[in-house]
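Good morning, and thank you for the time. Please look at the structure on the screen while I describe its side-chain pairs and then the chain as a whole.

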Amino acid sequence: MNKFDKVIVVYRDISKRIEAVCERDRVTPGEAQARINAQFDYDKNLEELNKDDNIYILFNNQTKENLYKQIDNY
């Protein structure tokens, strides 16, 4: 039995993720990369995730307004 009806993934390119972690946590790019490497590999699994109708992928590489438009479309 599934625990969730839908899953929402907010995806961001690796360079943008590193930049955001560095800014938020005041760490070096190497430290940010190490943290990201310890997490689920969305880059490797994005294509497979995109095939599942119960998984919504929102791309957060642009502005907040662009992200909000994607949310509104779901």
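I begin with R17, which is placed in helix α1. Helices (H or I, at least four residues) and strands (E, at least two) are DSSP runs, numbered from the N terminus. The model is predicted: local features need pLDDT of at least 70, side-chain atom pairs count only at pLDDT 80 or more, and totals for chains, interfaces and linings use all residues. Residues are numbered from 1 along each chain as its sequence is written, and side-chain values use heavy atoms, with hydrogens and water left out.

Is R17 buried or exposed? With a relative accessible area of 17%, R17 is buried, since buried means under 20% relative accessible area, exposed over 50%, and partly exposed in between (1.4 Å probe, protein chains only). Neighbours within four places in sequence set aside, R17 is in contact with Y11, R12, I36 and D43; contact here means heavy atoms within 4.5 Å.

One of these residues, D43, also forms a salt bridge with R17, and the closest N and O atoms are 2.9 Å apart. By salt bridge I mean a side-chain nitrogen of Lys or Arg within 4 Å of a carboxyl oxygen of Asp or Glu. The pair links distant parts of the chain, as R17 belongs to helix α1 (residues 14-25) and D43 to helix α3 (residues 42-50), 26 residues apart. D43 is partly exposed, at a relative accessible area of 38%.

In general, side chains of opposite charge can pair when their charged atoms come close. How many salt bridges does the whole structure hold? The search finds four.

Another of them joins the side chains of D25 and R35, at 2.4 Å from N to O. D25 lies in helix α1 and R35 in helix α2 (residues 29-37), so this pair ties together parts that are ten residues apart in sequence. Both count as partly exposed, D25 at 28% relative accessibility and R35 at 38%.

K51 and E48 form a salt bridge as well, their closest N and O atoms being 3.8 Å apart. K51 is exposed, with a relative accessible area of 58%, and E48 counts as exposed at 53%. Salt bridges with shared partners also join R24, D25 and R35 into one network.

I turn now to the aromatic rings. Rings of Phe, Tyr and Trp (its six-membered ring) pair if their centres lie within 6.5 Å; planes under 30 degrees apart count as stacked, over 60 as edge-to-face and the rest as tilted. The count by this rule is three aromatic pairs. Among them, F40 and Y42 are edge-to-face, with 4.8 Å from centre to centre and 70 degrees between the planes. F40 is partly exposed at 46% relative accessibility, and Y42 is partly exposed at 30%. The rings of Y56 and Y74 have centres 4.3 Å apart and planes at 50 degrees, so that pair is tilted. Y56 lies in strand β2 (residues 55-59) and Y74 in the segment after α4 (64-73), so the pair ties together parts 18 residues apart in sequence.

Finally, the chain as a whole. Its secondary structure comes to four helices and two strands, in the order β-α-α-α-β-α from the N terminus. Of its 74 residues, 23% count as buried. The C-alpha atoms fill a box of roughly 40 × 30 × 20 Å, taken along the principal axes.
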